[in-house]
Amino acid sequence: MVLEKSSLLTLQKALDRLEESFKDLPAYNPTIEVEKVEAVLSTVAERMKDNFPYPHPLYAGQMLKPPHPIARLAYTLSLWINPNNHALDGGRASTLMEKEVVAEIAKMFGWSTALGHLCGGGTMANLESLWIAGQSSPGKKIVASEQAHYTHNRICGVLALPFQSVESDKFGRMDIRSLKRLLDEGDVGTVVVTIGTTATGSVDPLSEILKLQSQYNFRIHADAAYGGYFTLTDNLRPETTIEYSLLKEVDSIVIDPHKHGLQPYGCGCVLFRDPSVGRFYKHDSPYTYFTSSEIHLGEISLECSRPGSAAVALWATQQLLPLEKGGEFAKSLSRCREAAKKLFEKVSNDGRFLTAFAPELDILIWAVKAESVSRSSLLAKEIFVQASKEGLHLATADLPIKFFVENFPDMIYDQQRITCFRSCLLKPEHLDWIDHIWQTLDKVTRLTLTK
Ligand SMILES: *Cc1c(COP(=O)(O)O)cnc(C)c1O
């Protein structure tokens with residue numbers, strides 16, 4: 001059984017409990033035509049069969065991770081109320097839950113007085129951070145590495161802020177000398193530091209960037225949408241651990257609970273170290289704030305209506321799996337990283353493959369050895385297709401050849417980008433499946449290369 005269903009019974013019990021809150025109201029019994037609903041729902045199930053098997057450990061491709069059952073259940077339970085976390089009037093309990101989870105996430109990074117809230121995802125969260133960056137230093141440049149998420153450039157377009165990209169080094173991290181050159185040119189207001197790039201899981205050298213900050217004056221925004229939770233783990237490279245320990249020095253942080261935080265999509269989080277940036281959000285909405293002088297989340301977020309259910313789901317998850325070093329959640333992340341290291345071992349010891357650099361978090365990239373980059377790219381695409389026929393779902397990515405050149409100078413570098421494999425090992429169960437994944441990869445590679 002791939003889909004966990006045993007927990008569904010708990011939902012019925014919790015709904016009965018929730019129902020008690022209406023017991024003083026006059027009877028009101030909504031009815032529905034269950035047969036019709038059942039028929040449509042069955043069609044939905046049929047339609048949803050057309051997907052890759054995301055919840056299965058043999059899905060080791062894109063950055064996808066199934067939500068925890070508690071998140072699914074709490075989200076669904078709260079939908080009978082359907083709270084809106086824009087204002088206390090729309091979602092009293094879920095607003096408080098949001099404030100609690102956001103404070104816990106801030107604490108994870110070492111912040112006790114941060115201002116923050118949940119939002120639709122990493123893109124929205126980065127948009128708010130860069131908007132505040134633009135408000136704090138109007139007209140100044142935002143810079144991010146060429147390996148930063150592609151939306152930073154686009155967000156700056158939306159916000160009409162000047163954007164410039166900084167070269168990355170052969171490890172996929174921001175190149176410090178290139179950054180320094182840009183800083184010397186002047187007019188840089190904010191440096192976006194990616195803590196775990198989406199393509200390769202590389203961590204930008206925050207320690208070096210902080211040193212530059214004391215010399216040049218700029219804001220630092222950390223985009224930790226994917227990598228943020230790794231701050232809880234105990235098996236990163238010592239150098240990477242240091243970068244994480246410095247996150248508390250930055251001005252804003254973005255983290256995506258819907259990536260490594262076991263949440264359904266629609267859950268990003270933005271945090272500001274200085275709570276006084278709340279002043280930039282100030283607005284007067286005539287109709288939403290009636291009942292309380294407490295701060296409404298709508299007063300400190302760009303979006304208006306937001307799903308309170310996202311906060312409820314995250315609250316339930318953090319109750320079950322607190323954000324603690326050495327805790328169960330932290331250990332599950334360490335296993336993801338172990339899985340990436342284990343697969344890296346196997347791939348880098350195999351003469352048919354070419355690795356770039358050891359995985360910094362739990363994303364691994366590798367290429368096929370061939371006489372030229374174009375041939376290698378072709379083979380990767382072919383192996384990718386064959387693997388999926390065998391039930392192994394990897395992903396490919398087009399990445400700069402500089403990641404590979406040094407490890408294999410003998411290839412003819414006939415194009416600037418190489419199609420290679422990119423495996424996001426975001427499920428702790430991947431660790432138990434690496435042997436299986438490797439056997440399948442080995443088999444389809446043998447068949448493809450001897451064709
Ligand atoms: C995924 C990701 C984003 C975008 O987040 P969404 O939740 O997909 O909108 C931004 N930055 C990084 C580093 C990411 O990995």
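In helix α4, the residues Ser-94, Thr-95, Met-97, Glu-98, Val-101, Val-102, Ile-105, Ala-106 and Met-108 are buried, and by buried I mean under 20% relative accessible area, with exposed standing for over 50% and partly exposed for what lies in between, using a 1.4 Å probe and protein chains only. Before I go further, please keep in mind that this is a predicted model, in which local features need pLDDT of at least 70 and side-chain atom pairs count only at pLDDT 80 or more, while totals for chains, interfaces and linings use all residues. Residues are numbered from 1 along each chain as its sequence is written, and side-chain values use heavy atoms, with hydrogens and water left out.

Let me stay with α4 for a moment. As for its length, α4 runs over residues 92–108, and because its 17 residues at 1.5 Å a residue should span 24 Å, the 25 Å between its end C-alpha atoms agrees with expectation; the expected span is 1.5 Å times one less than the number of residues. Just after the helix, Gly-110 takes a positive phi of about 90°.

Now to the ligand. Of the 13 residues around it, those that come nearest are Thr-123, Asp-223, Asp-256, His-258 and Lys-259, and a residue is counted as near if one of its heavy atoms lies within 4 Å. By class, this shell has two nonpolar, eight polar and three charged residues, where Ala, Val, Leu, Ile, Met, Phe, Trp, Tyr, Cys and Pro count as nonpolar, Asp, Glu, Lys and Arg as charged, and the others, Gly among them, as polar. Which helix supplies the largest share of the shell? That is helix α5 (residues 122–136), with three residues.

Turning to polar contacts, which are pairs of N or O atoms within 3.5 Å, and which within protein need one atom able to donate a hydrogen and the other to accept it, with residues adjacent in sequence counting only if both atoms are side-chain atoms, an N or O atom in the side chain of Thr-123 is 2.6 Å from an oxygen atom of the ligand. A polar side-chain atom of Thr-198 lies 2.8 Å from a ligand oxygen, and for Asp-256 the corresponding distance is 2.6 Å. The protein covers 87% of the 380 Å² of accessible area that the ligand has on its own, with areas taken from the Shrake-Rupley method with a 1.4 Å probe and, for residues, only the protein chains shown counting as cover.

Cys-267 has its place in the loop between β6 and β7, and it counts as buried because its relative accessibility is 1%.

Most residues other than glycine have a negative phi. Is Leu-262 buried or exposed? At 12% relative accessibility, Leu-262 counts as buried. Ala-160, in the loop between α6 (151–159) and β3 (163–166), likewise has a positive phi, near 55°, but Ala-160 counts as exposed because its relative accessibility is 67%.

I will close with two further places. Gly-189 lies in strand β4 (residues 188–194) and is buried, with a relative accessible area of 6%; beyond four places in sequence, Gly-189 is in contact with Ser-137, Lys-140, Lys-141, Phe-218 and Arg-219. Ser-332, in helix α11 (residues 328–348), counts as buried at 16% relative accessibility, and its side chain reaches the backbone oxygen of Phe-329 at 2.7 Å.

Conventions:
Helix = DSSP H or I, 4+ residues; strand = E, 2+ residues; numbered from the N terminus. Contact = heavy atoms within 4.5 Å.
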